[in-house]
Each structure stands twice: as C-alpha cells, then as structure tokens.
Amino acid sequence: LGVNQKLTAIALPEVHLGISQWAENPDRDINCSHVLKWAMSNTVNMSRSGLREWGLNGVHFLTTMDAPETSFLDEKMQLSELYGPALIPRPDHVVVHHSI
C-alpha cells in the first residue's frame with residue numbers, strides 16, 4: 001500500500017485463528033501479507049485437491065464423447081459435500097463485535 005494508506009480486514013474468530021496458526025505466529029498481529037499468503041495457500045491447496053476429480057471428469061468425457069448415451073453417472077454427492085457445512089447468518093454488528 002502507498003503512503004498514508006491503511007487496509008483493515010475483518011474476519012470471524014475462527015478465520016483469524018486459522019491465519020495465526022498458518023503463519024505459525026499466534027502471538028503477533030496479523031498483517032496484510034499474512035492474509036494474502038494464507039488466501040493463496042488455501043487456493044493452491046483447494047486446486048490441488050481437485051486435480052484428481054478434474055482428471056477423472058476429463059477421462060470420462062473422452063471415453064463417452066462418441067456415445068453420449070453412456071455418459072450418465074449416478075449421483076454420488078450429498079449437498080453437504082458440494083457446499084460444505086451450513087452457515088449461520090449473523091448480523092454484521094455481531095460479527096464485527098466478536099472480531100474486535
């Protein structure tokens with residue numbers, strides 16, 4: 001950031017804890033560098049975890065390309081697997097209060 005500029009990030013307590021643990025620096029304040037590196041690390045890890053599934057999808061497409069009637073697969077996922085755990089909506093002032 002430039003001169004006399006400040007960036008403030010607001011996060012849920014569990015996100016703050018996750019960044020602190022990832023940075024292996026739980027006693028220090030978290031700065032922008034920690035947040036950006038943590039976000040990039042999560043992006044890389046999630047991309048890596050999807051590579052096998054993407055490859056399987058590609059193989060399935062190639063093997064069924066000439067016979068579309070064979071391309072149907074049984075559904076094997078529950079919504080919770082697709083979207084993760086349910087989120088509980090909380091008013092902004094509650095989230096901000098718990099983050100300060």
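Is Thr-64 buried or exposed? At 10% relative accessibility, Thr-64 counts as buried, where buried means under 20% relative accessible area, exposed over 50% and partly exposed in between (1.4 Å probe, protein chains only).

## Basis of the values

The model is predicted: local features need pLDDT of at least 70, side-chain atom pairs count only at pLDDT 80 or more, and totals for chains, interfaces and linings use all residues. Residues are numbered from 1 along each chain as its sequence is written, and side-chain values use heavy atoms, with hydrogens and water left out.

## Overall composition

The protein has 4 helices and 0 strands, and its elements run α-α-α-α from the N terminus on. Helices (H or I, at least four residues) and strands (E, at least two) are DSSP runs, numbered from the N terminus.

Of the 100 residues in the protein, 8% are buried. The exposed surface comes to about 9,200 Å², of which carbon and sulfur atoms supply 61%; accessible areas come from the Shrake-Rupley method with a 1.4 Å probe, and for residues only the protein chains shown count as cover. Among contacts (heavy atoms within 4.5 Å) with a separation of 6 or more, 27% join residues 24 or more positions apart.

## Packing of H1 and H2

Two packed helices are described by the angle between their axes and the distance between the axes. For helix H1 (residues 13–22) and helix H2 (residues 32–64), the angle is about 90° and the axes are 10 Å apart. Axes are lines fitted to C-alpha atoms, for helices over the stretch in contact, and angles run from 0 to 180 degrees between N-to-C directions. H1 and H2 are therefore roughly perpendicular to each other, a term for angles of 65 to 115 degrees.

H1 contributes Val-15, Gly-18, Ile-19 and Trp-22 to the contact, and H2 contributes His-34, Val-35, Lys-37, Trp-38 and Ser-41. These residues divide into 5 nonpolar, 3 polar and 1 charged. In this scheme Ala, Val, Leu, Ile, Met, Phe, Trp, Tyr, Cys and Pro count as nonpolar, Asp, Glu, Lys and Arg as charged, and the others, Gly among them, as polar.

His-34 is in helix H2 and is buried, with a relative accessible area of 14%. Leaving aside neighbours within four places in sequence, His-34 is in contact with Ile-19, Trp-22, Ala-23, Asn-25 and Asp-29.

Ser-33, also placed in helix H2, is partly exposed at 33% relative accessibility. Ser-33 and Ala-23 are 10 residues apart in sequence, and their C-alpha atoms are 10.0 Å apart in space.

## Thr-43 and Thr-64

Thr-43 lies in helix H2 and is partly exposed, with a relative accessible area of 44%. The side chain of Thr-43 reaches the backbone oxygen of Ala-39 at 2.9 Å.

Thr-64 is likewise found in helix H2. A polar atom of the Thr-64 side chain lies 2.8 Å from the backbone oxygen of His-60. Not counting residues up to four places away in sequence, Thr-64 touches Thr-70 and Ser-71.

Definitions and conventions:
Parallel < 35°, antiparallel > 145°, perpendicular 65-115°, else oblique. Polar contact = N/O pair within 3.5 Å; in protein donor to acceptor, adjacent residues only side chain to side chain.
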